[in-house]
Structure formats: structure tokens, C-alpha cells
There are 2 protein chains.
Amino acid sequence: MTTVGLLEGSTEALYDNEAELRRLIGERLILLGAAAEPGQSEALADIILGRIAREAGRLVKAAEPEAADSAKTPQHKPVVIVGGAGGMGRQLHRAFERSGWPVRILEQGDWPQAAEILKGAGTVVVSVPIDKTISVIEALTGLLPREALLCDVTSVKAGPVEAMMRVHRGPVAGLHPMFGPDVASFAGQVFVYAPGRDAAAAEPLLEQIRRWGAKVVTCSAEEHDRSMGIIQALRHFTTFAYGVFLSKLNPDLSVILQLSSPIYRLELEMVGRLFAQDPRLYADIILANPRNTQLIRGYVESLAPELAMIEARDRDEFIRRFERVRLYFGDLAPAFMKESGRMLNLIQTERAERADVMSLKDAPESDGNTSSQV
Amino acid sequence: MTTVGLLEGSTEALYDNEAELRRLIGERLILLGAAAEPGQSEALADIILGRIAREAGRLVKAAEPEAADSAKTPQHKPVVIVGGAGGMGRQLHRAFERSGWPVRILEQGDWPQAAEILKGAGTVVVSVPIDKTISVIEALTGLLPREALLCDVTSVKAGPVEAMMRVHRGPVAGLHPMFGPDVASFAGQVFVYAPGRDAAAAEPLLEQIRRWGAKVVTCSAEEHDRSMGIIQALRHFTTFAYGVFLSKLNPDLSVILQLSSPIYRLELEMVGRLFAQDPRLYADIILANPRNTQLIRGYVESLAPELAMIEARDRDEFIRRFERVRLYFGDLAPAFMKESGRMLNLIQTERAERADVMSLKDAPESDGNTSSQV
């Protein structure tokens with residue numbers, strides 16, 4: 001854990017600095033016409049001091065790990081990204097390069113030079129669309145240096161890991177970055193690691209991923225695929241089906257949005273965002289294996305008794321079933337309530353701040369009436 | 001729009017204050033061991049100056065409107081909250097009181113004194129559980145001052161508005177606050193307003209709601225109920241049914257959470273949070289009217305052809321249907337993608353900051369290994 005390192009003998013200087021900052025923040029509030037009571041400017045000063053400390057921590061972290069990195073391993077062997085021009089490939093390219101790994105790209109047109117590109121590679125990352133993964137892995141047969149770590153970043157793991165084990169006799173690691181191309185950084189994200197062969201050889205790469213601020217979760221390829229059936233395939237299917245139904249119902253989305261509270265707006269955004277993305281990705285995740293199809297059939301069939309209960313207007317049975325699910329969620333239900341409430345407030349504050357900025361920008365044209373007719 | 005009011009002749013003092021703040025922020029970063037380049041501490045200073053300005057604006061806003069308010073309408077007639085001890089009732093109680101409205105509460109045990117409590121009331125707000133709303137409105141028959149504005153805050157509107165029109169000959173307004181008891185404030189929230197009788201008499205109340213920072217969206221009771229069928233009843237049903245299915249599947253939620261990226265975690269939280277709340281509220285929203293039942297039946301039936309497509313592994317058809325829905329969402333799909341991406345990054349940053357704080361707290365026990373076994 002990197003901690004903010006205090007300079008020798010600077011505690012007193014920090015106290016002086018803090019007192020000065022507090023005074024200036026209070027002064028500025030008064031100058032801006034807000035007759036702030038002491039308690040209010042104190043609270044704001046605490047927030048601002050925390051922000052400066054976090055920023056300092058961030059700057060230290062950004063500077064340190066790579067320095068330590070290059071000290072420990074003076075030079076990384078080249079990493080070859082197969083499919084480096086795709087969304088995930090480009091993200092990995094930038095991240096590796098910033099961390100001082102020599103990066104080479106093997107794209108569709110480069111196969112005639114593949115042997116040359118792969119020569120001396122320490123790590124080979126297959127980052128191609130899910131439906132191409134296995135054939136691309138097979139195309140690497142005989143081209144990989146014996147000691148190179150072969151890995152992939154596909155969202156299913158059993159098939160690709162099995163193919164990599166077949167094609168390569170050296171170290172193998174299956175990876176699944178659990179995020180899309182729209183994240184700002186890897187910090188706080190999850191990489192699932194499904195071990196293939198020679199876990200020790202994968203360690204430098206996993207260590208690099210942790211230095212990027214991501215969490216590495218180790219799990220077997222089978223366990224991964226089973227859980228992803230629920231996390232991805234089923235959830236994507238329900239979102240997809242909801243979108244299809246909504247589009248057939250064809251309500252005016254601008255009316256729906258007008259009438260939506262922040263939480264419904266967020267839920268609608270979670271549906272709409274799916275359809276801004278590549279349908280092939282979702283088709284391939286949902287159709288990845290027969291187990292997913294079974295899961296989805298189970299879900300669709302489970303709705304019949306719920307519908308029957310609604311049609312019978314059986315309020316008591318609804319409450320009984322509801323409470324059974326609450327037991328299943330256990331302590332997580334109130335924890336989720338609290339956490340999502342916090343998130344919604346955060347989102348709400350940020351939206352209000354943006355709206356403030358917007359309305360300040362076009363204040364001259366605004367009539368100040370915030371009422372809307374639907 | 002309230003703007004931050006600069007004190008006379010203080011521009012120069014503000015510049016001095018800003019220069020001093022910038023210097024101190026840079027100094028503090030260096031003291032904390034972050035050898036910040038000028039550009040970095042400049043960027044941080046800009047963020048902090050913006051934060052102080054917003055805070056000043058907030059303090060001014062919090063102080064001003066009520067002053068203006070009491071100037072225009074020296075005294076409000078009392079507002080009676082019927083059901084003032086419930087979640088929404090308590091929120092309204094606090095908000096009215098802070099804004100200088102005399103508040104009286106009419107709770108279950110108070111009906112013998114109802115005539116006295118309602119005497120001289122200017123506004124009567126019915127804030128009781130949805131299944132009690134109409135009977136409570138009917139219990140007010142003959143007790144209301146002729147000029148009092150009668151309103152309710154139930155999540156369905158046609159029934160309550162119709163009942164209020166029947167019971168009261170004075171002004172009537174249906175309201176639906178589109179948020180739960182876990183919001184930090186009304187700022188940025190939506191109140192739907194379904195006009196009943198004498199819209200002019202409702203204006204002071206609507207104006208007060210706008211001063212609380214909420215948006216008032218006017219729409220007929222019928223249009224409201226139709227839209228809420230989609231926004232609330234159908235969405236709650238799908239969330240409920242997903243929770244029921246998940247609990248029967250019975251996966252270990254801690255494994256699911258370990259493997260979840262921020263977006264799946266948020267989606268799971270949106271499901272779990274439902275079950276932390278009152279099942280009667282959700283039963284009553286879903287069972288509010290036969291139109292909702294029809295809508296839900298339509299949805300459940302719509303899943304059969306989607307399942308058939310998945311079972312036939314018809315990737316091309318999936319892509320075709322997907323693209324039809326994308327057309328329906330139109331410009332909103334990429335806008336939702338962008339906005340939800342921004343929200344997720346915001347959430348991610350906040351979680352990472354909290355995790356930093358947590359890990360600093362228990363740093364001595366931490367082994368620094370962020371890898372987890374599932």
C-alpha cells in the first residue's frame with residue numbers, strides 16, 4: 001500500500017498550511033457573498049483538505065509504482081497484442097506502453113510477418129472478437145516462443161483456455177477484464193484470472209494488472225463460465241428482451257424521461273446503453289454455450305407462476321414470495337439499499353451541479369420556470 | 001436563478017485570495033510528499049475554487065429563497081399532513097417547516113380531533129399507504145375548509161384525484177413525488193402534478209416545491225398512470241421476478257459479487273435494493289390497476305419468441321432485432337451510453353476513494369495482496 005509520505009520535519013509546516021487554507025476558504029465564502037457560519041466553512045475546509053490529500057496520494061502512486069517496477073525488472077520482454085487495434089486491444093496497448101513494456105501488434109493483415117512479430121515475445125495476449133478467439137489461437141500454432149506466456153481476454157473462458165493449452169506447451173493464462181471500452185482507467189476494475197499452465201510464469205503480468213489498480217480474482221474457467229451465465233448472459237437477455245418489448249409498445253421516450261425520477265432514469269439508461277453497443281458482442285456472450293440457453297429458458301419459464309399470481313391479484317402471495325427473496329439477499333439487501341442510495345445521491349449531486357453550470361451558461365435566455373408540460 | 005452576489009469592491013480581494021489559495025494548495029501537495037508539477041496543482045486548484053464557488057452558491061440559495069418567500073407571502077395558512085408520521089409524511093413535514101409553513105399532523109389516532117386539526121387549514125396533503133388513500137380521502141368528507149387545497153402524494157393518480165374531486169368542492173391537486181424516503185433532499189427530484197380543480201390555487205404549493213429544487217412535471221392523471229405502468233409496474237415486476245429466479249437458482253452472492261465489474265454490481269444492487277423495501281408498496285404499485293396486469297402479461301408473452309430465437313441459436317436474427325431496438329432508442333442510445341459511462345466512472349472514483357480510506361485505516365493488518373480466490 002502506497003501511503004502519502006510526509007517530508008521530514010514538515011508536520012508543523014502542514015499545520016500552518018492547514019490553518020491558512022481554512023482561513024482563506026472562510027474568507028472566500030464571505031467574499032462570494034455567502035455569509036457562511038463558522039461550522040459551514042469548517043465542513044467545506046475538511047472536504048477540501050481531504051481532496052488535496054487524495055490528490056497527493058494519487059500523484060505519489062502514479063509516480064512510484066513504475067519507478068519501483070523498472071528497478072525490479074529492468075526490462076520486460078515484448079508483449080504482442082493479437083488484435084491490438086480493437087477496443088480492448090488499444091486500451092491494453094496504452095497501459096502496457098505507459099508501464100514501460102515494449103508492445104508489438106499483430107493485426108489481421110500481419111499474419112505473413114507473424115513469426116517475426118512473435119519472435120522473442122515474453123507475453124502474447126489474444127484480444128479479438130469472441131467468435132474469432134479459438135481460430136486465432138489455433139493460427140498461433142508453432143509460432144510461439146516456448147517460454148512465452150499465452151493469454152486471452154475473451155468473456156468466456158473454458159473454450160479459449162482449452163484451445164490455448166492445446167496449441168501451446170508453455171505457460172497459459174485465461175483473463176477476462178470485466179469492463180467495456182468506456183472505462184476511464186483500470187483502477188477499481190476486475191480482471192478474472194482462470195489459470196491454465198504454470199501460474200508462476202503468469203505472476204509478473206498479474207502483478208502489472210494489480211499495479212494498474214485493478215483487482216485480480218482467480219477462479220477456474222468452469223466456475224467463471226457458470227457465474228457469467230448469471231452475471232452476463234441472463235442479465236443481457238433480460239435487458240435485451242425488455243428493450244424489444246419497450247420498442248414494440250413504442251411509448252414516447254421523452255415523456256417517459258420527463259416523468260422519471262433519477263432512479264428510473266438510471267434504469268432506463270442501463271437498458272438503452274446496451275443498444276448503443278455491438279450486437280455481435282451480446283449475441284456471442286448469450287450464445288456462448290448451451291448452459292446459457294438452459295438458464296434463459298429456466299428464467300422465461302419461471303415468469304408464468306409470477307404472472308399467474310399477478311393476474312389472481314394475490315397480494316398476500318406476492319408479499320410471501322418477496323420476503324423469501326429478501327431472506328436470500330440477507331444482509332446484502334439493506335447494504336445494497338444503502339450503497340445504491342449513496343450512489344444515486346452522488347449522481348444526483350453531480351447532475352444538479354452540471355445543470356447549475358448549464359443554466360448559468362444560458363441564464364439570459366432562461367425564464368426561470370422549471371415546470372414542464374407533458 | 002440565484003447567482004452568487006459579489007460584495008461591493010471585492011474583486012481585487014478575490015484575486016488576492018485566489019492567488020494565496022493556489023500557492024497554499026501547491027505547498028500542501030509538496031508537504032504531503034507529492035512532487036506535483038505546476039500543471040497538476042493548477043488543475044487541482046481550479047477544481048477546489050469551483051467547489052468553493054458552488055458551496056457559496058448553495059449557502060446563498062439556502063438562505064435567500066425563504067427570505068424572499070416570507071416577504072411575498074408574510075404568512076402561510078397551516079398545512080395539514082394526513083399521515084405525517086410515515087416516510088414521505090416526515091420528509092414533507094421537515095421541508096414545510098424549514099420553509100416557514102405552520103404544519104399540523106393528522107395521524108390514525110387523531111380522527112376524533114380531525115375537525116379541530118383541519119380548521120383554518122390552507123393545504124391538506126394526504127400521505128398514507130396507497131391501499132388506504134381512497135378511504136382516507138373519503139374520511140375527510142365534510143371536514144375540509146371550502147378554500148383549502150386538497151392534494152395527495154400517492155403513486156397512482158386517477159383513483160385518488162377522482163376521489164378528491166368527489167369529496168371536496170374546493171381546489172384539488174394530485175401529486176406524485178417520484179422518489180423514495182432515501183433521498184438526501186428534494187433537489188433535482190421530480191414531482192408529477194396531475195391537475196384536479198382550480199390550478200391557480202395550487203400554484204403557491206407548486207412554487208414551494210420548485211423552491212425546494214424539485215422539478216414539477218404537469219400531466220393528466222390518466223397519462224401519468226399509463227406511463228407509470230411502464231416506468232414502475234413493469235420495471236418492478238421484472239426486477240421482482242429476476243430476484244425470485246435468482247433466489248431459486250441460489251448462487252453464492254459473494255462469489256457473484258467478487259466476479260462482478262462495477263456495472264454488474266450496480267445492476268445487482270438495483271435488484272437487491274427492491275427487497276430491502278416494503279413489499280406492500282410494490283404489491284400495490286403493481287396491482288394498482290388492470291392495465292398494469294395487461295402490460296405485464298404482454299411482457300411475459302413477448303419473451304417466448306425471444307427464447308425461441310436463442311434456442312435456435314439464430315445470431316443473425318438477434319442482430320436484426322437488436323438493431324430495430326437501437327432505431328427506437330435513436331440518439332438516446334449513445335447519449336445513455338455516454339451518461340451512464342460518466343455515472344459509472346463517478347461511482348468508480350468514489351468507491352476507489354472510499355476503499356483508499358478503508359485500506360489506510362486497516363493498513364497494519366493488510367498484506368497488500370489484492371488478489372482473491374473464488
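A polar contact is a pair of N or O atoms within 3.5 Å; within protein, one atom must be able to donate a hydrogen and the other to accept it. Keep that cut-off in mind for the first stop. The model on screen is predicted.

**Stop 1: the start of α11(B)**

Select B:Asp278 and B:Arg280. A side-chain oxygen of B:Asp278 comes to within 3.0 Å of the backbone nitrogen of B:Arg280, at the start of α11(B).

Now extend the selection to the whole helix, residues 279-286 of chain B. Is α11(B) largely enclosed or left open? It is largely enclosed by the rest of the structure, because 6 of its 8 residues are buried. Colour these buried residues: B:Pro279, B:Tyr282, B:Ala283, B:Asp284, B:Ile285 and B:Ile286.

Next, show what covers them. From chain A, the cover includes α12 and α13 (315-329). From chain B, it includes α8 (221-249), α10 (262-274) and α12.

**Stop 2: a bridge between chains**

Stay with the α12 helices. Select A:Glu311 and B:Arg297. Their side chains meet in a salt bridge, 2.3 Å from N to O. A:Glu311 lies in α12 (residues 290-311) of chain A and B:Arg297 in α12 (residues 290-311) of chain B, so this pair joins two chains. Check the surface at both ends. A:Glu311 is partly exposed, at 36% relative accessible area. B:Arg297 is also partly exposed, at 31%.

**Stop 3: a bridge within chain B**

Select B:Arg321 and B:Glu306. These side chains form a salt bridge too, with N and O 3.0 Å apart. B:Arg321 sits in α13 (residues 315-329) of chain B and B:Glu306 in α12 of chain B, so the pair ties together parts that are 15 residues apart in sequence. Are B:Arg321 and B:Glu306 buried or exposed? Both are buried.

Now pick A:Asp131, A:Lys132, A:Asp284 and B:Arg315. Salt bridges with shared partners link these residues into one network.

**Stop 4: a bridge along one helix**

Go to α1 of chain A and select A:Arg22 with A:Glu18. They form a salt bridge, and the closest N and O atoms are 3.3 Å apart. What separates the two along the helix? About one helical turn, because they are 4 residues apart in α1 (residues 11-31) of chain A. An α-helix has 3.6 residues a turn, so residues three or four places apart point the same way. A:Glu18 is partly exposed, with 21% relative accessibility.

**Stop 5: a parallel strand pair**

Select β6 (residues 190-197) and β7 (residues 215-218) of chain B. The two strands run parallel and are joined by 4 bridges. Find B:Val192; opposite it, in β7(B), stands B:Val217. Then trace the chain from β6(B) through helix α7 (residues 199-211) to β7(B): this β-α-β crossover is right-handed.

**Stop 6: an end-to-end distance**

Select B:Asp314, in the loop between α12 and α13 of chain B. This residue is partly exposed, at 31% relative accessibility.

**Stop 7**

Show both chains and superpose chain B on chain A. A turn of 180° and a shift of 0.1 Å along the axis give an RMSD of 0.3 Å. The copies are thus related as by a two-fold rotation axis. Look down that axis and select B:Leu21. Its C-alpha is the nearest to the axis in chain B, at 3.0 Å. Finish by selecting the contact residues of chain B: 100% of them recur in chain A, and the same surface serves both copies.

Definitions and conventions
Residues numbered from 1 in each chain as written. Chains lettered and ligands numbered in written order. Predicted model: local features only at pLDDT ≥ 70, side-chain atom pairs only at ≥ 80, totals over all residues. Heavy atoms only, no water. Salt bridge = Lys/Arg side-chain N within 4 Å of Asp/Glu carboxyl O. Buried < 20%, exposed > 50% of the residue type's maximum accessible area, 1.4 Å probe, protein only. Contact = heavy atoms within 4.5 Å. Pairing = 2+ DSSP bridges. Right-handed = clockwise from strand over helix to strand, strands pointing away. Least-squares fit on C-alpha atoms with pLDDT ≥ 70 in both.
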